[in-house]
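Me: Please take a close look at one part, the aromatic rings. Then set that part against the rest of the chain.

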Amino acid sequence: MSEILILGFWMLVIATIAFAPLGYFIYRYVAKNGEPFGDIEPHGDSESPVLALAEKVISKIKAQISKK
């Protein structure tokens, strides 16, 4: 009987450790009125150097293709 209790205890410990990140995320999500990590900008509103570089590369490729 004690083996079953010990097994149950360890299963509870492992489950607590496994689901702790999920519980923390839910706590943070509810704490900020639906904003889990504070104020963030919506996607597409800010300039990104990577997006600018990709746009330049695409325009150069289009120019090369149109020359041929």
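Reply: A residue is buried under 20% relative accessible area, exposed over 50%, and partly exposed in between (1.4 Å probe, protein chains only). Phe9 comes to 47% relative accessibility, so it counts as partly exposed. Trp10 falls in that class as well, because its value is 48%.

Some ground rules. This is a predicted model, where local features need pLDDT of at least 70, side-chain atom pairs count only at pLDDT 80 or more, and totals for chains, interfaces and linings use all residues. Residues are numbered from 1 along each chain as its sequence is written, and side-chain values use heavy atoms, without hydrogens or water.

Now the rings. Phe, Tyr and Trp rings (for Trp, the six-membered one) pair if their centres lie within 6.5 Å; planes under 30 degrees apart are stacked, over 60 edge-to-face, the rest tilted. The structure holds one such pair. Phe9 and Trp10 form it, edge-to-face, with 5.3 Å between centres and 70° between planes.

Next, the wider chain. It has two helices and zero strands. These are DSSP runs numbered from the N terminus (helices H or I, at least four residues; strands E, at least two). Of its 68 residues, 3% are buried.

Helix α1 spans residues 2-31 and includes Val30. Val30 is exposed because its relative accessibility is 60%.

Zero of the 19 residues of α2 are buried, so the helix lies largely in the open. Ser66 is in α2. Ser66 is exposed, at 58% relative accessible area. A polar atom of the Ser66 side chain lies 2.9 Å from the backbone oxygen of Ala63.

Definitions and conventions: A polar contact is a pair of N or O atoms within 3.5 Å; within protein, one must be able to donate a hydrogen and the other to accept it, and residues adjacent in sequence count only if both atoms are side-chain atoms.
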